[in-house]
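Hi,

Here is the structure I promised to pass on. Have a look at it first, and then read on for what turned up.

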Amino acid sequence: MAAPASIVIVGAGQGGAMAAAALRLQGYAGKLTLVGREFHAPYERPPLSKAVLRDAAAEAAAAIHAEAYYAEQDIELMRGVEAVSLDRARREIVLSDGIVLAYDRCLLATGGQARTLPALPPGMAKVHYVRTLDDARGLRACLRAGARVVVIGGGFLGLEIASTALESGADVAVVESAERLLPNALPVPLAEWLAARAIASGARLHLGARIASVLPRADSPGAGPSTNPPAGLLLDNGLSLPADAIVVAIGLQPETGLARAAGLEIDANNGGIRVDAHCRTADPRILAIGDCASQHRDFLGRHARLESWQNANEQARVAAAAMLDADPPPAPYPWFWTDQFGCNIQMLGMPVPGLAYVCRGAAPPDTGTPRLIWLGHRDGVPVHGVAVNAAADLRQMRVLFERGIPMDPAGFADTNVALKPWIKACQQAAAPA
């Protein structure tokens with residue numbers, strides 16, 4: 001089949017920018033347009049809560065490609081515009097500035113928007129949502145020694161921001177409605193260990209707590225939200241948290257308005273655009289990747305959206321191959337990572353019901369640099385792994401996850417047994433006689 005004459009990628013984030021690069025690497029020479037609502041060139045989002053939040057000098061390193069890359073690769077990068085309608089019959093996309101783009105293939109890499117709290121809307125003074133580079137710049141200007149920062153949300157983003165704020169010398173409180181941190185990502189013992197680590201680093205945790213009300217400033221009653229910043233928060237347990245800055249980090253809402261209006265299938269369970277193994281929607285000319293896409297995950301046994309840097313990159317390559325009618329690369333085992341409270345935490349897979357966990361290594365939360373791995377298995381077959389400052393060890397174990405190779409939990413937990421030969425022995429034991 002002939003290569004498409006024109007490809008339009010809607011969304012200039014990680015997935016969109018990497019898909020454009022993958023298309024050129026795979027030999028596509030046709031018209032290629034990348035549409036982004038921000039005026040910045042495509043950049044990586046993980047540094048926004050870490051390096052970029054610490055130092056403006058880190059912004060340059062967050063760029064996905066050099067500024068000249070798009071012109072050199074003949075990729076038309078349209079900045080500061082938004083796709084407002086998608087006509088599947090005419091194969092046209094209308095932009096917010098009135099321009100109409102025709103396509104033979106369209107890739108939706110629209111990502112998502114931060115979930116918001118009605119009582120703390122975006123734009124309210126002293127209230128911060130960190131989704132864009134401009135958002136990170138705004139919060140960075142507030143982080144200083146002695147500043148009172150309240151972070152709402154004990155997920156990855158909230159904890160990373162809390163950790164970075166502590167490094168600036170701020171006084172930090174974290175409010176999480178769940179009874180533990182990262183309940184959908186960590187086993188209970190490790191979540192408890194992380195909470196102790198956060199407290200030892202200086203964070204004040206309020207778990208199982210909800211916001212009862214926003215405390216108004218007493219000196220300017222009746223002013224609008226933009227001119228009357230909140231004085232803090234009142235929790236449902238009666239505790240008041242004064243704040244110079246309030247950060248709301250309660251998750252992401254997939255951006256599917258364009259797809260929904262065009263009649264594409266939206267997953268009722270997770271809100272993402274339904275795609276097949278090759279990232280194609282029900283319309284074979286339209287594909288979707290990244291945070292906005294819902295794809296079946298064998299290790300979960302269901303469709304899911306994976307909000308991760310790795311998933312955006314891998315789906316970008318898969319979608320590029322599919323648009324060119326080429327064989328896609330094999331899907332890797334899902335991988336996630338986070339840096340917080342002086343620890344690098346890397347994860348393979350996700351928790352699923354029925355896993356038994358075993359730990360290799362041990363460390364108090366408040367001393368030095370811990371090094372440990374928690375492994376969740378089903379009948380000895382590893383499904384979920386979490387490494388604290390032990391990324392290289394977890395990478396060595398990837399083959400056991402990907403091939404479903406059973407292992408001996410007791411042998412894994414024994415730190416007197418070297419990991420590399422133990423992995424090799426697991427492979428040999430699983431090999432056909």
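**Arg140 and its contacts**

Leaving out residues up to four places away in sequence, Arg140 touches Val52, Leu53, Arg54, Asp55, Ala56 and Glu59. Before you load it into anything, keep in mind that this is a predicted model. Arg140 itself is found in helix 4, which covers residues 133–140. Is Arg140 buried or exposed? With a relative accessible area of 19%, Arg140 is under the 20% cut-off, so it counts as buried.

**Ser49**

Next up is a serine in a loop. Ser49 sits between strand 2 (31–35) and helix 2 (51–54). Its relative accessible area is 2%, so Ser49 is buried as well.

Which side chain does the side chain of Ser49 make a polar contact with? That partner is Glu160, at 2.6 Å. There is also a backbone atom to look at: the oxygen of Pro46 lies 3.4 Å from a polar atom of the Ser49 side chain. If you set aside the neighbours within four places in sequence, the residues in contact with Ser49 are Leu157, Glu160, Ile161 and Thr164. Glu160 therefore turns up both in that contact list and as the polar partner of the Ser49 side chain, with Ser49 buried at 2%.

**Aromatic pairs**

The count of aromatic pairs comes to 4. One of them is Tyr69 with Tyr70: the ring centres are 5.5 Å apart and the planes stand at 90°, so this pair is edge-to-face. Both tyrosines come out on the buried side: Tyr69 has a relative accessibility of 17%, and Tyr70 has a relative accessible area of 3%.

**The second largest pocket**

How many residues line the second largest pocket? There are 22, and Gln295, His296, Arg297, Ala331 and Pro332 lie nearest its centre.

As for where the lining comes from, strand 20 (293–297) and helix 8 (309–323) each supply at least two residues. Helix 8 gives the largest share, with 5 residues. Sorted by class, the lining of this pocket has 11 nonpolar, 7 polar and 4 charged residues.

That is what I have for now.

Cheers

Conventions. Residues numbered from 1 in each chain as written. Predicted model: local features only at pLDDT ≥ 70, side-chain atom pairs only at ≥ 80, totals over all residues. Heavy atoms only, no water. Helix = DSSP H or I, 4+ residues; strand = E, 2+ residues; numbered from the N terminus. Buried < 20%, exposed > 50% of the residue type's maximum accessible area, 1.4 Å probe, protein only. Polar contact = N/O pair within 3.5 Å; in protein donor to acceptor, adjacent residues only side chain to side chain. Contact = heavy atoms within 4.5 Å. Phe/Tyr/Trp six-rings, centres within 6.5 Å; stacked < 30°, edge-to-face > 60°. 1 Å grid on protein atoms, 1.4 Å probe; cavity = no way out; pocket = protein on both sides within 12 Å on 5 of 7 lines; lining within 4 Å. Nonpolar A, V, L, I, M, F, W, Y, C, P; charged D, E, K, R; others polar.
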